[in-house]
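Welcome! Please open the structure in your viewer and keep the sequence panel beside it, and we will walk through it stop by stop.

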Amino acid sequence: MKLRLESFGELRLIDLAGQPVAFPEKGLLAICYLLDRYLQNGAGSEYPRSALARFLWDSHDNPDIMANLRKTISRIQARQTELGTELLIFTATGVRIKPDAFVCDLFELAKSDGGGALENLRRLVAVLRQDFLAVLADQSVSTQQWIAGQRDRHMAILVDALKTALPTARSREDISLIKEAALRIFRDAPDDENIRRILLEAYESEGQLENARRLFEASRHGLESALDIGLDVQALREVRKVFAGSQSPPSVMEPLSDGGSRVARPLPRLVLLPPGGMDAAGALPMLCGPLIEDVTIGLCALNTVSVVAPHTAARIAGHADKAELILRHSISYVLDTRLTDHALFVQLIHASGDEVIWAERFNLEKYDLISHRRDIARRIARELAGQVHRHETMRHSFEGNSAAYHSYLLGLRDVKRLSLPDIRRSRKAFREALQHSAHFAPALSGLSRTFVVEWLLTARGDRELLGLAEDYANRAIVADPSLAAGFRELGVAKLYLGDIDESLLALKLAEELSPHYADGIASYADTLVHASRPADALIKIDRAISLNPLSPTDYLWTAAGANFALGHYAEALEQISAMDDRTPADRLSAACWAMLGDMKNARLYMRRVREIYPDFDVDKWLSVVPFKEQWQKEQYREALRRAGF
């Protein structure tokens, strides 16, 4: 009687009728182990009993494992006699398998692809639907390690088969097979960029990006998903492009035609600018210089970043045009430092895009700076190294296309200016970046932001703009679920679509992903204003401003809105007066002056709004601006009416 051994999923023997056949589990595990050796190495010779015992029970010095093995062999031999077949042959010192006495699903992995690439993939997908030895009651450490290694090898075989089959797939049936294989690989390797792009293209072709976001989010939390993805021929063509253009991770060295090598790209340059006021009296200013020098020395030990020497850094810090010197010396990152009464504020800036990556305030009152200076320096150096590494990893994912990188930086510059011409110029730049790198998450999130800002500036309540903002935010999350900016933009879009609770959830996720992401925290504060929690909003926006002291206009706008809701109208006007461009807040200025009883100024700002937006209507505007509680909407309505709208 020829039996079938199944090792993927539950380990069991099956008879010709398809019924399970009882057999000692350790015996079945031994068959799998020896069969793998036989298939991989042609090792059909006898295997030592002592080695098998150590594999099954994981002990080198316990004499009981040989007694355990003898008992197991006795049970196996008795069962084989009952079945009238011999799967394992035992001698006085060893054991070997009899591979012609049974069939096994492991044989399917060893078959050649004589039927073609698609048939080979179809066979592998059928075998690998379940994990190898997924249900095993008792495992030694050696057994666990061997099983893990086998599963990795099986996935590598499936990946190779998928790549080979991809160019030959034509029919809907073939495409469905490609889909199933990609999902199986994704289950074990959710961070594999090629597989993620296969699934991303599939969802996008079906207009199911929200489902893709959920799938990728589930993978982040170790969950499994059985979402159905229907690939089409166009998606398959895009997937082929992914594999055709896939590159190995960037290497520090590039081969030359003469067999030598050269540096592929220079290391990013980092300058640490010492704080001003170093000549002031007192121990704190005197010790901050050595503190920054300690950080610099610590970073010099890294091989991932090039650090500008302290002498040059001090010259740059004291120069009237720091930006010009930073550009001239090809500096990638700037650590700006400032000394307050009892704190050191540090802010890491990506120089090309003037983008704040990380910021922190170190309260020096808590330390004896003389004895703890190097501890603080190590903390700063460790955080700097990690932040630069993460930012460089993200940047390397698309910098191979200089046109995309250039367009993205232009969009990043213009999106910070709250005017329609700048916003539309920014949108054009982000779209140009996406033409070169279709799934570059920062450009997708930037594009989402342009639609929200246009919605705010035009004050027409155009839900189509918000729909586009939500769509591009979801695309950004799908492209990179670890990027906080995507969740930030989704939260902002959800806010103005009226889904305040969903907005708060998305912005909370953004803050968890990047606790120092000042822009994300500022947007969280804005949503708290609309959630009728202005006091909480002020706490958040103060945190954002502390991380980004030279605050952009929208931070101050949010702070003004929170103060207005709290009835602090003078404080709101003070925030607005600090804005570089106060035009976007003219409506709020009019409302504040009206509530303070200054009708002259209220009418002045009302007329300014009318000049830009002659069709502005209070009731229409308030019908689309979300406020969780009615009192807030009525407060704004009363103020605008008083101002003359």
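**Stop 1: a hairpin**

Start by selecting Gly 9. In the hairpin made by strand 1 and strand 2, with 5 residues between the strands, Gly 9 has a positive phi near 90 degrees. Strands here are DSSP runs of E with at least two residues, helices are runs of H or I with at least four, and both are numbered from the N terminus.

Before going on, a word on what you are looking at. This is a predicted model, in which local features need pLDDT of at least 70 and side-chain atom pairs count only at pLDDT 80 or more, while totals for chains, interfaces and linings use all residues. Residues are numbered from 1 along each chain as its sequence is written, and side-chain values use heavy atoms, with hydrogens and water left out.

**Stop 2: the sheet around the hairpin**

Buried means under 20% relative accessible area, exposed means over 50%, and partly exposed lies in between (1.4 Å probe, protein chains only).

Two strands count as paired if DSSP finds at least two bridges between them.

Which residue is the bridge partner of Leu 5 in strand 2? Leu 13 is the partner there, and in strand 7 the partner of Leu 5 is Cys 104. Glu 6 stands opposite Arg 12 in strand 2.

Zoom out to see the open sheet of 4 strands, ordered 3-2-1-7 with mixed pairing. Strand 3 (20-21) and strand 7 are the edge strands, and each pairs on one side only.

**Stop 3**

Next, select strands 4, 5 and 6. They form an open sheet of 3 strands in the order 4-6-5, and the pairing is antiparallel. Strand 4 (47-48) and strand 5 (88-90) are at the edges with a single partner strand each, so one side of each has no neighbour in the sheet. Strand 5 pairs with strand 6 (residues 94-97) in the antiparallel sense over 3 bridges. Click on Leu 88 to find Ile 97 of strand 6 opposite.

**Stop 3: a histidine in a helix**

Select His 154, which sits in helix 6 (residues 141-165). Is His 154 buried or exposed? Its relative accessibility is 2%, so His 154 counts as buried. Leaving aside neighbours within four places in sequence, His 154 is in contact (heavy atoms within 4.5 Å) with Phe 8, Leu 106, Leu 109, Leu 128 and Phe 132.

**Stop 4: two helix pairs**

Two packed helices are described by the angle between their axes and the distance between the axes. Axes are lines fitted to C-alpha atoms, for helices over the stretch in contact, and angles run from 0 to 180 degrees between N-to-C directions.

Select helix 20 (residues 500-513) and helix 21 (residues 518-530): their axes come within 9 Å and cross at roughly 155 degrees. That makes helix 20 roughly antiparallel to helix 21. Angles over 145 degrees count as roughly antiparallel, under 35 as roughly parallel, 65 to 115 as roughly perpendicular and the rest as oblique.

Move to helix 23 (residues 553-565) and helix 25 (residues 586-595), whose axes come within 11 Å and cross at roughly 30 degrees. Helix 23 and helix 25 are therefore roughly parallel. Show the side chains where they touch: Trp 557, Ala 560, Gly 561 and Phe 564 in helix 23 meet Leu 588, Ala 591, Cys 592 and Met 595 in helix 25.

**Stop 5: near the end of the chain**

Finally, select Gly 644, in the segment after helix 28 (630-643). Gly 644 is partly exposed, at 33% relative accessible area. Not counting residues up to four places away in sequence, Gly 644 touches Arg 603 and Met 606.

**The whole view**

Zoom out once more. The protein chain has 28 helices and 14 strands, and 50% of its 645 residues count as buried.
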